[in-house]
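Here's a quick tour of a protein model. Have a look at the chain first, and then we'll go through a few of its residues and the overall fold.

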Amino acid sequence: MAFVLGAQSRAKLKGVKPELVAVVERAIQITGTNFRITEGLRSVTRQKELFAAGASETMNSRHLTGHAVDVVALVNCNVRWDWPLYPKIAAAFKQASKELATPIVWGGDWPRLRDGPHFELDRKRYP
Ligand SMILES: [Zn+2]
C-alpha cells in the first residue's frame, strides 16, 4: 500500500532542509503505516513556548534550523499516538535514509526522553 503526503504535510515541510525532505518523500512511498508531518521548521518564539511548557528540554532544537521533522501516525485517516506504530514509521525513514545515503537519527532511539515522532539529520554529517 502506497501513501502520499497531503497538503498539510507539504506545508509543514517548508523551510526544512532538502536532504531531509527527500527522506520524508521516500519514506511515505515505502511505509506500511501512514503518517503526516506535524512540525518542521520552528520559530524561536515557539521553541521558547515549548521549552517553558516542558515539552522540549533544549533551546538548541534541530527544528530551529530546519534539520528536524515530527510525524504523527495515521490509521484510516485518524491520528494515532500508539507507540508500536512509531518504530514501523521509523523503519521506513531508516530505509529511505540508507537508500539516499542521508544519515538521520530517530528520536525513538535516544536512550532517554525517547521521542517517537521525531526525525532529524545526523549532526555528524549535518552540523
Ligand atoms: Zn521534533
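Lys-98 counts as exposed, because its relative accessibility is 71% (exposed means over 50% relative accessible area, buried under 20%, and partly exposed in between, with a 1.4 Å probe and protein chains only). Lys-98 sits in helix H4, which covers residues 85-100. Along the chain, Lys-98 and Val-23 are 75 residues apart, yet 9.2 Å separates their C-alpha atoms.

A word on the ground rules: this is a predicted model, where local features need pLDDT of at least 70 and side-chain atom pairs count only at pLDDT 80 or more, while totals for chains, interfaces and linings use all residues. Residues are numbered from 1 along each chain as its sequence is written, and side-chain values use heavy atoms, with hydrogens and water left out.

Now for the backbone. Most residues other than glycine have a negative phi. Asn-76 has a positive phi, near 50°, and so does Leu-113, also near 50°. Where do they lie? Asn-76 is in the loop between strands S2 (68-75) and S3 (78-80), and Leu-113 is in the loop between strands S4 (104-106) and S5 (118-121). Here are the accessibilities of the residues discussed:

| Residue | Relative accessibility |
|---|---|
| Lys-98 | 71% |
| Asn-76 | 70% |
| Leu-113 | 51% |

Zooming out, the protein has four helices and five strands (DSSP runs numbered from the N terminus: helices are H or I with at least four residues, strands E with at least two). Their order from the N terminus is α-α-β-α-β-β-α-β-β.

How does the radius of gyration fit a compact globule? The protein has 14 Å, which agrees with the value near 14 Å for a compact globule of 127 residues; the radius is taken over C-alpha atoms, and the rule is 2.2 Å times the number of residues to the power 0.38. Of the 127 residues, 43% count as buried. Among contacts (heavy atoms within 4.5 Å) between residues at least 6 apart in sequence, 61% join residues at least 24 apart. The C-alpha atoms fill a box of roughly 40 × 30 × 30 Å along the principal axes.

Finally, the record: UniProt lists residues 56-121 for "domain: Peptidase M15C", in an unreviewed entry, and such annotations may be inferred rather than shown by experiment. That span is 24% helix and 27% strand, and its end C-alpha atoms lie 18 Å apart.
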